[in-house]
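Please read each numbered point with the sequence and the model side by side.

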Amino acid sequence: MAHPSPPDKKQIQLEEFEREIVVRPIKIEDYDELVAMQAICFPGMQTWGHDQIQSQLRLFPEGQLAVEYESKVVASASSLIVDFGDYSDWHDWKEIADGGYIRNHDPEGDTLYGIEIMVHPDYRGLKLARRLYEARRELARRFNLARSIVGGRIPNYHKFADELSAREYVERVRDGQLFDPVLTTQTANGFVLKELIPNYFPSDKASCGYATFLEWTNLDYVSDPRRRYLRVHNVRIAAVQYLMRTIASMDEFEAQCEFFIDAASDYKSDFVVFPELMSTQMLSFMEEKTRPQVAARKLAELTPRYLDFFTGMAIKYNVNIIGGSQFVIEGEHLRNCSYLFHRDGGIDRQYKIHITPAERRWWGVTPGDMVEVFETDRGRVSIQICYDIEFPELARIAAAKGAQIIFVPFNTNDRDGYLRIRTCAQARCIENHVYAVISGCTGNLPFVDNADVHYAQSGIYTPADVPFARDGVAAECTPNIETLVVRDVDIEQLRRHRLRGTVQNWNDRRTDLYHVNYAVPDGEPFQA
């Protein structure tokens, strides 16, 4: 019987040169190493909390990966599964990652969303990120997911920010003219650059707050034939029902408004809508009793502060604000103007076009003459102030210009006036395949002429058809109490309804018999 030869003492012992590197699931025992690495990789940014790691491991342990090299954690990747149709806005890391807790993880979803990947600086160059991206691709194949999506940092951008825009920088990195440690790695691992995202991580100074939106497509994905996919573009709207009561200063007015803006922001609203001329509440603290026309012009003197306040609120609470309306003096003319305060700091305006007899008599308001449609981060919108919604031509013009939502700040003193607004708003939804949002005032302002009593029921309305809410009412407030109502509306559903609705009012117009001629001031006439 042969016996194995004893090891040659001169033979090289290979185990002395072996290195152990393995991709494995993260364990809670890795916590200290993970946060230490995170602090080095992302200086100045908040590290994971113990409760966040616990939550990730409890909900989706397979999606939390570590690279262990010589018994040391030197790289990691975190992810969750979501349904692509549930998110129309991929710009909000906190929302999609649930602030790192991933409680929105959906095992029935179709998209792997990467919330973080990091490699310890001392171990870069070992292609550890490639191992993690490959592990994510295997996850996508294992769970039969259609895609993997990441929002990536561009940490070298700060070095070029003075000479290149963010778009120019990422284009040069994509084309191989510049190197970025994150974006270059991601594109080398099969991700396709889809979009540039500003303010993704404001605290990320190296990336100047920017991130990239990238996607990898799983070619092995097998769709479920029983599942019908429909595109979704949800917009969350808050409509305020504002209580008019006597106040002592503009500070009180601003505090009342900020309360509603804060509440709408807590609901993650995209828009919050205030009523027409809620600013007349401030007439209650103006000392001098004077004629209404003089009082209205006095109120217009506060417009600069009103604009400054709502601009700051839109940015602070990250919500687009339709600031009701306010008087403004232009030349010799007093106008009733509604302002759209974008959450990126921009401002648009829409003048009231149809002036009621009471406005003309009491305040001397001059009408505007332009129907505006505003491009926002959540779609195209129009503002029609109170009486304007009662004229179908304006909504027809706005819809022809692409409006998808019509905001209607209103101010009525009785139920009859309110019903005119509500009924006409619902009619405009049916005629033009749009959503309408009405926001009104309730309460009383004793001794304030033409603004003393109010009646309102704020609401959000839809076309009247099978895919929409019953009775065409998405949501309504209880009448005549101070509150707000919040509801999601689907912009994509409007497009499908215009094409395939039970009735197709827009497509079935007899423009051979009639049309709306819009005489654009200082421009070409417009037909709708």
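1. Across the whole structure, a search finds 23 aromatic pairs. Rings of Phe, Tyr and Trp (its six-membered ring) are paired if their centres lie within 6.5 Å; planes under 30 degrees apart count as stacked, over 60 as edge-to-face and the rest as tilted. The structure is a predicted model, in which local features need pLDDT of at least 70 and side-chain atom pairs count only at pLDDT 80 or more, while totals for chains, interfaces and linings use all residues. Residues are numbered from 1 along each chain as its sequence is written, and side-chain values use heavy atoms, with hydrogens and water left out.

2. One of the pairs is formed by phenylalanine 60 and phenylalanine 143: the ring centres are 5.8 Å apart and the planes stand at 75 degrees, so the pair is edge-to-face. Distant parts of the chain are linked in this way, 83 residues apart, with phenylalanine 60 in the loop between α2 (50-59) and β2 (65-69) and phenylalanine 143 in the loop between α4 (128-142) and β5 (147-153). Helices (H or I, at least four residues) and strands (E, at least two) are DSSP runs, numbered from the N terminus. Phenylalanine 60 is buried, at a relative accessible area of 2%, whereas phenylalanine 143 is partly exposed at 30%. Here buried means under 20% relative accessible area, exposed over 50%, and partly exposed in between (1.4 Å probe, protein chains only).

3. Tyrosine 157 and tyrosine 210 also form an edge-to-face pair, 6.0 Å centre to centre with 90 degrees between the planes. Tyrosine 157 lies in the loop between β5 and α5 (166-174), and tyrosine 210, 53 residues apart from it, in the loop between β6 (192-197) and β7 (211-217). Tyrosine 157 is buried, with a relative accessible area of 5%; tyrosine 210 is partly exposed, with 26%.

4. Ring pairs also build a cluster, whose members include Tyr242, Phe253, Tyr306 and Phe341.

5. Which residue has its ring under the charged end of arginine 498? That residue is tryptophan 506, with the charged end 4.5 Å from the ring centre. Arginine 509 likewise places its charged end over the ring of tryptophan 506, at 3.8 Å from the centre. A charge sits over a ring if NZ of Lys or CZ of Arg is within 6 Å of the ring centre and within 35 degrees of the ring normal.

6. Is strand β17 (residues 435-439) enclosed or open? Five of its five residues are buried, so β17 is largely enclosed by the rest of the structure. In a regular strand the side chains alternate between the two faces of the sheet. In β17 both faces are covered, with Tyr435, Val437 and Ser439 buried on one side and Ala436 and Ile438 on the other.

7. Strand β16 (residues 405-409) runs parallel to β17 and is joined to it by five bridges; strands pair if DSSP finds at least two bridges between them. Proline 409 has serine 439 of β17 as its bridge partner. Three bridges join β17 to strand β20 (residues 459-461), and these two run antiparallel. Alanine 436 has tyrosine 461 in β20 as its bridge partner.

8. Aspartate 30 belongs to the loop between β1 (21-25) and α1 (31-41). Its relative accessibility is 4%, so aspartate 30 counts as buried. Apart from neighbours within four places in sequence, aspartate 30 is in contact (heavy atoms within 4.5 Å) with Arg24, Pro25 and Val73.
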